[in-house]
Amino acid sequence: MKIRIEGKAHLKGTSKKNGQPYDFIQIHYLGPDRGVTGKAALTLALEPQNYNYDAIPVGVEAIVEFDNRGNVVTFSRVTAK
(Lines give C-alpha, C1' and ligand atoms only; values in the text may rest on other atoms or scores of the structure.)
Protein backbone atom coordinates (compact mmCIF):
# COMPACT_ATOMS: atom_id res chain seq x y z
CA MET A 1 0.00 0.00 0.00
CA LYS A 2 1.31 3.45 -0.86
CA ILE A 3 1.05 6.05 1.92
CA ARG A 4 2.17 9.64 2.38
CA ILE A 5 4.06 10.21 5.64
CA GLU A 6 2.32 13.10 7.37
CA GLY A 7 4.19 12.90 10.69
CA LYS A 8 6.49 10.78 12.82
CA ALA A 9 7.52 10.30 16.45
CA HIS A 10 10.13 8.19 18.23
CA LEU A 11 8.49 6.92 21.40
CA LYS A 12 10.72 5.39 24.06
CA GLY A 13 10.28 4.88 27.77
CA THR A 14 8.75 2.67 30.41
CA SER A 15 5.05 1.83 30.54
CA LYS A 16 3.29 3.28 33.60
CA LYS A 17 0.72 0.49 33.32
CA ASN A 18 2.98 -2.59 33.40
CA GLY A 19 6.53 -1.26 33.93
CA GLN A 20 7.77 -2.74 30.64
CA PRO A 21 10.11 -0.74 28.40
CA TYR A 22 8.92 0.35 24.96
CA ASP A 23 10.79 1.76 21.97
CA PHE A 24 9.19 2.26 18.55
CA ILE A 25 8.84 4.71 15.68
CA GLN A 26 5.30 5.87 15.06
CA ILE A 27 4.37 6.93 11.51
CA HIS A 28 1.26 9.05 10.89
CA TYR A 29 -0.61 8.89 7.59
CA LEU A 30 -4.09 9.25 6.08
CA GLY A 31 -5.89 6.23 4.70
CA PRO A 32 -9.14 4.33 4.39
CA ASP A 33 -10.75 2.89 7.49
CA ARG A 34 -13.95 0.96 8.09
CA GLY A 35 -16.87 3.25 8.87
CA VAL A 36 -15.03 6.42 7.80
CA THR A 37 -16.20 8.53 4.89
CA GLY A 38 -13.09 9.97 3.27
CA LYS A 39 -9.74 9.28 4.95
CA ALA A 40 -8.90 8.51 8.56
CA ALA A 41 -5.83 9.60 10.55
CA LEU A 42 -3.87 6.36 11.01
CA THR A 43 -0.60 5.28 12.59
CA LEU A 44 1.79 2.40 12.19
CA ALA A 45 4.65 1.28 14.41
CA LEU A 46 8.16 0.49 13.18
CA GLU A 47 10.98 -1.19 15.09
CA PRO A 48 13.90 1.26 15.51
CA GLN A 49 16.32 -1.67 15.12
CA ASN A 50 15.08 -2.03 11.52
CA TYR A 51 14.54 1.63 10.52
CA ASN A 52 16.52 4.83 11.05
CA TYR A 53 14.21 7.53 12.47
CA ASP A 54 16.29 10.38 11.02
CA ALA A 55 16.20 8.81 7.53
CA ILE A 56 12.37 8.83 7.41
CA PRO A 57 11.35 12.19 5.94
CA VAL A 58 7.92 13.71 6.51
CA GLY A 59 5.95 14.63 3.40
CA VAL A 60 7.15 11.80 1.14
CA GLU A 61 5.48 8.66 -0.10
CA ALA A 62 6.33 5.20 1.17
CA ILE A 63 5.30 1.65 0.40
CA VAL A 64 4.14 -0.40 3.38
CA GLU A 65 3.08 -4.03 3.43
CA PHE A 66 1.22 -5.66 6.32
CA ASP A 67 0.83 -9.31 7.26
CA ASN A 68 -2.57 -10.89 8.01
CA ARG A 69 -2.38 -9.61 11.60
CA GLY A 70 -1.75 -5.99 10.58
CA ASN A 71 1.96 -6.01 11.48
CA VAL A 72 4.37 -4.16 9.20
CA VAL A 73 6.35 -6.58 7.03
CA THR A 74 8.10 -4.06 4.76
CA PHE A 75 8.40 -0.28 4.79
CA SER A 76 10.34 1.62 2.15
CA ARG A 77 10.45 5.11 0.76
CA VAL A 78 9.19 5.60 -2.78
CA THR A 79 12.17 6.71 -4.83
CA ALA A 80 11.86 9.26 -7.61
CA LYS A 81 12.50 8.01 -11.13
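I started with glycine 7 and found that its bridge partner in strand 3 is histidine 28. The model is predicted, so I kept in mind that local features need pLDDT of at least 70, side-chain atom pairs count only at pLDDT 80 or more, and totals for chains, interfaces and linings use all residues. Residues are numbered from 1 along each chain as its sequence is written, and side-chain values use heavy atoms, with hydrogens and water left out.

Next I looked at the strands themselves (DSSP runs of E, at least two residues, numbered from the N terminus). Strand 2 (residues 7–14) and strand 3 (residues 21–31) run antiparallel and are joined by eight bridges. I noted that two strands pair if DSSP finds at least two bridges between them.

In the hairpin of these two strands, six residues lie between strand 2 and strand 3, and glycine 19 there takes a positive phi near 75°.

I then followed strand 3 to strand 4, where seven bridges make an antiparallel pair. Glutamine 26 has alanine 45 in strand 4 as its bridge partner.

Which order do the three strands of this open sheet take? I read it as 2-3-4, with antiparallel pairing. Strand 2 and strand 4 (40–46) are the edge strands, each pairing on one side only.

My last stop was an open sheet of three strands in the order 1-5-6, with antiparallel pairing. Strand 1 (2–4) and strand 6 (72–77) each have a single partner strand, so one side of each has no neighbour in the sheet. Three bridges join strand 1 to strand 5 (residues 61–66), and isoleucine 3 stands opposite alanine 62 in strand 5.

How values were computed: Helix = DSSP H or I, 4+ residues; strand = E, 2+ residues; numbered from the N terminus.
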